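Biologist: I would like to learn how to read a model of this kind with care, one feature at a time. Could we go through it together?

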Amino acid sequence: MPTGSTRVVAVIGDPVRHSLSPVILGAAFEAAGLDWACVAFEVAAGHGIGALEAMRTLGLAGLSVTMPHKVDAARGVDVLTPSAARLGAVNCVSWEGARLVGNNTDGSGLVRALEADPGIELSGMSVGVVGAGGAARSIISAVGESGAERVVVVNRSRPAAEAAVELAPAVARLGGLADLAGCDVVINATPVGMGSDAAMAIPREVLRAGQIVVDIVYHPLDTPLLGAAREVGATAVNGLGMLIGQAELAFETWTGLGAPTDSMRAAATVALARA
Ligand code: NAP
């Protein structure tokens with residue numbers, strides 16, 4: 001139960017009811033024995049900066065930011081991490097003294113998750129990313145920093161793809177779906193495959209044995225793309241790791257403690273099964 005000294009973190013978004021942050025972070029606080037709580041606030045578009053001011057006034061210990069506030073949050077904080085500055089979007093706000101720091105941890109959450117399980121170091125690898133929206137941009141930026149040798153960006157609309165390539169200009173280039181066959185790792189960062197969508201943003205023909213195929217869609221956790229990947233003998237990685245990875249980074253930034261990964265993963269798995 002909350003007490004007068006409970007420290008509160010929040011997630012803001014619109015909609016926000018679907019957010020798993022309160023469940024995942026709540027499980028983490030409990031596992032770590034912390035008197036902390038995570039709550040969700042539905043904040044209408046255009047009020048993101050107001051929510052940051054509320055964070056200052058209320059002394060919230062941390063803020064997770066989802067759509068449609070990520071760009072506003074980048075404007076409302078006092079300091080941006082290099083990745084948040086590059087992306088112009090913030091999904092995690094923390095304190096540094098009296099200043100609010102905005103970070104972007106979606107992509108680094110995925111890189112961290114791949115390193116942890118199934119133990120993939122992207123250094124020297126060739127990585128194909130399909131999509132150029134918010135999640136894809138964060139992934140391209142983080143993969144660009146990971147030591148990957150090459151990042152191939154494939155997207156339905158070309159201008160968004162061209163802008164995304166600029167997030168990792170030393171290693172990224174524009175590509176087409178056929179180029180994914182030559183990649184060690186291919187990542188679906190589009191919503192294709194969500195819910196009951198049986199479509200795949202990455203065609204079966206470009207998948208091959210030995211490849212690592214990542215689908216960041218997490219509802220459902222097993223998508224048609226991952227099924228096709230297993231059929232050809234590729235390693236299939238679902239979106240849970242990225243979800244947990246960015247929550248771990250938030251937990252560690254806010255509390256200064258190591259994240260209780262197993263408890264977070266278990267709580268998310270139960271919540272996703274019920275969703
Ligand atoms: P977004 O900003 O709306 O971007 C969507 C991207 O997908 C765009 O590049 C869009 O291409 C492309 N796209 C959409 N429909 C498509 C289709 N039918 N065929 C081909 N490309 C299509 O979305 P987002 O925030 O990046 O999220 C994308 C997905 O990632 C969602 O399913 C979300 O739930 C998931 N996600 C997962 C995690 C995690 O932790 N696992 C984190 C964040 C997001 P155009 O540019 O041509 O429109």
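Biologist: Which residue's side chain is joined to the side chain of Ser 126 by a polar contact?

Modeller: Some ground rules come before the reply. This is a predicted model, in which local features need pLDDT of at least 70 and side-chain atom pairs count only at pLDDT 80 or more, while totals for chains, interfaces and linings use all residues. Residues are numbered from 1 along each chain as its sequence is written, and side-chain values use heavy atoms, with hydrogens and water left out. A polar contact is a pair of N or O atoms within 3.5 Å; within protein, one must be able to donate a hydrogen and the other to accept it, and residues adjacent in sequence count only if both atoms are side-chain atoms. Here the partner of Ser 126 is Arg 150, and the contact between the two side chains is 3.1 Å.

Biologist: Where is Ser 126 found, and is Ser 126 buried or exposed?

Modeller: Helices (H or I, at least four residues) and strands (E, at least two) are DSSP runs, numbered from the N terminus, and Ser 126 is found in strand S7, which covers residues 126-130. Buried means under 20% relative accessible area, exposed over 50%, and partly exposed in between (1.4 Å probe, protein chains only). Ser 126 is buried because its relative accessible area is 9%.

Biologist: How do Arg 158 and Asn 238 count on that scale?

Modeller: Arg 158, which lies in helix H7 (residues 158-165), has a relative accessibility of 53% and therefore counts as exposed. Asn 238, in the loop between strand S12 (235-237) and H9, has 26% and so counts as partly exposed. As for Ile 244 in helix H9, its relative accessibility is 2%, so Ile 244 counts as buried.

Biologist: Turning to the ligand, which residues come nearest?

Modeller: A residue is near a molecule if one of its heavy atoms lies within 4 Å of it. There are 20 residues around the ligand, and those that come nearest are Ala 132, Ala 135, Asn 155, Ser 157 and Ile 216. The shell divides into 12 nonpolar, seven polar and one charged.

Biologist: Which atoms of Ala 135, Asn 155 and Ile 216 lie 2.8 Å from the ligand?

Modeller: For Ala 135, a polar backbone atom is 2.8 Å from an oxygen atom of the ligand, whereas for Asn 155 an N or O atom of the side chain is 2.8 Å from a ligand oxygen. For Ile 216, a backbone N or O atom lies 2.8 Å from a nitrogen atom of the ligand. Helix H6 (134-145) and helix H9 (240-255) are the elements that give two or more residues to the shell.

Biologist: Which peptide bonds are cis, with omega near 10° or near 20°?

Modeller: The bond from Met 67 to Pro 68 is cis, with omega near 10°, and Pro 68 has its place in the loop between strand S3 (62-65) and helix H3 (70-76). The bond from Asp 117 to Pro 118 is also cis, with omega near 20°, and Pro 118 lies in the loop between helix H5 (106-116) and S7.

Terms used. Nonpolar A, V, L, I, M, F, W, Y, C, P; charged D, E, K, R; others polar.
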